[in-house]
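Dear colleague,

My notes on what was found in it follow directly after.

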Amino acid sequence: MKKKVLWALFTLCLSILTIFALFHNSGLSLTELWQNIKNSSALWLVPAALCMLGFIFFEGRSLVLILRTLEYPAKKRQGFLYAAADIYFSSITPSATGGQPASAYFMYKDGVTAIEVTVSLILNLTMYTLALVTLGLFSIIFFPGIFLEFNTASKIMILIGILVMILLTTFFIILLKHQKFIMKFGNLVISLLHKLHFNNLAEKFKSKFDTAIENYNECVVTLSGKKKLLVKTYLLNLLQRASQILVTVFCFFALHGNLSDGLKVFAVQTYVVLGSNFIPVPGAVGISEFIMFFGYMMFFSEEAACSLAILSRGISFYTCSIISIFTVILGYIIICFRKKKLRGNI
């Protein structure tokens with residue numbers, strides 16, 4: 001818990017420094033930013049806010065769909081909580097390392113077995129990565145010129161992001177389709193324990209590991225035979241990623257950007273996500289904003305590009321994180337209340 005608080009404080013400090021640096025580099029003042037936001041079109045800010053909520057909703061819907069296929073009667077509100085936990089803790093930990101364990105915690109508290117949790121999260125993460133691959137291919141195929149207009153540092157980060165994404169997709173598919181790799185890892189641990197003369201521990205681990213693999217295989221077989229499920233989870237993750245990117249497009253329109261440039265802005269923001277998604281910095285804070293800033297200068301002046309970066313990031317990341325943490329706190333309170341009520345009935 002202390003670690004999470006420290007990461008949250010670190011992310012907050014990093015965010016403040018990032019915003020200060022953006023103001024300093026662009027020459028934009030707080031007064032000018034407020035004026036730009038004040039003069040923006042509220043008509044476009046409404047869909048931007050809805051897309052931000054869609055980023056949480058579509059992930060939750062995907063998880064609910066997977067869990068229901070595994071015969072756990074998950075509800076939409078539970079899915080929203082699982083997604084909110086993932087999104088918030090991903091935003092305050094490096095490389096999003098805290099997101100899935102937080103989501104798993106709430107699933108486990110709702111009675112989902114550890115194996116079902118593992119399979120659900122791996123499948124969803126696979127589809128999440130594939131969705132990003134799809135959007136990345138869209139930008140590369142239709143807007144290669146936009147990539148070439150980024151500065152050298154941004155190009156390097158985008159290329160690294162694409163490489164990491166391909167490797168992760170391959171790794172997740174191997175985990176889902178080829179359990180022999182998991183078996184090899186488990187046998188390696190068992191062999192090591194025997195060599196260290198922890199024979200009793202090795203036998204206990206082997207017994208639990210064999211049971212876990214059997215349950216894991218049952219879950220994988222159940223899911224692999226459901227082609228409609230795989231398509232639906234992929235489409236839901238595609239909608240999730242598109243929702244986050246569309247926040248920027250609608251903010252661009254709100255700041256009176258040309259409607260004809262909407263697809264180009266979508267492509268720019270996709271490159272931003274590709275370049276910042278796998279950087280080991282909480283929420284890609286600092287990295288994301290500066291790739292955004294350089295990308296938006298293809299359409300706006302430095303001051304306007306800074307306004308767009310702060311406004312769109314403020315909605316898609318900071319507001320989304322605030323809603324997510326409030327959802328997590330409420331979910332945790334409900335769990336504590338449920339425990340207290342259960343104890344009272346005993």
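The sulfur of C51 lies 9.6 Å from the closest cysteine sulfur, that of C251, which is too far for a bond. A disulfide is a pair of cysteine sulfur atoms within 2.5 Å, and a search of the whole structure finds zero of them. C51 is buried, with a relative accessible area of 12%; here buried means under 20% relative accessible area, exposed means over 50%, and partly exposed lies in between (1.4 Å probe, protein chains only). C306 is likewise buried, at 0%.

Please note that this is a predicted model, in which local features need pLDDT of at least 70 and side-chain atom pairs count only at pLDDT 80 or more, while totals for chains, interfaces and linings use all residues. Residues are numbered from 1 along each chain as its sequence is written, and side-chain values use heavy atoms, with hydrogens and water left out.

As to confidence, pLDDT is the predictor's confidence in each residue, from 0 to 100. The protein chain has a mean pLDDT of 80, and 77% of its residues reach 70 or more. Confidence is highest in helix α3 (residues 42-69), at a mean of 93, and lowest in helix α10 (residues 199-224), at 63. Where pLDDT is low, the predicted coordinates should not be read in detail. Helices (H or I, at least four residues) are DSSP runs, numbered from the N terminus.

Helix α13 (residues 287-296) is largely enclosed by the rest of the structure, because seven of its ten residues are buried. Among them are I291, M292, F293, G295 and Y296.

The last two of these, G295 and Y296, are also contacts of V268, together with I146, F150, M298 and F299, leaving aside neighbours within four places in sequence; contact means heavy atoms within 4.5 Å. V268 lies in helix α12 (residues 262-276) and counts as buried, at 0% relative accessibility. V268 and F147 are 121 residues apart in sequence, yet 7.8 Å apart in space, C-alpha to C-alpha.

S40 is found in the loop between α2 (30-38) and α3. At 13% relative accessibility, S40 counts as buried. Not counting residues up to four places away in sequence, S40 touches L45, A254, L255 and H256.

I should be grateful if you would look at these places in the model.

With kind regards

Terms used: Helices (H or I, at least four residues) and strands (E, at least two) are DSSP runs, numbered from the N terminus.
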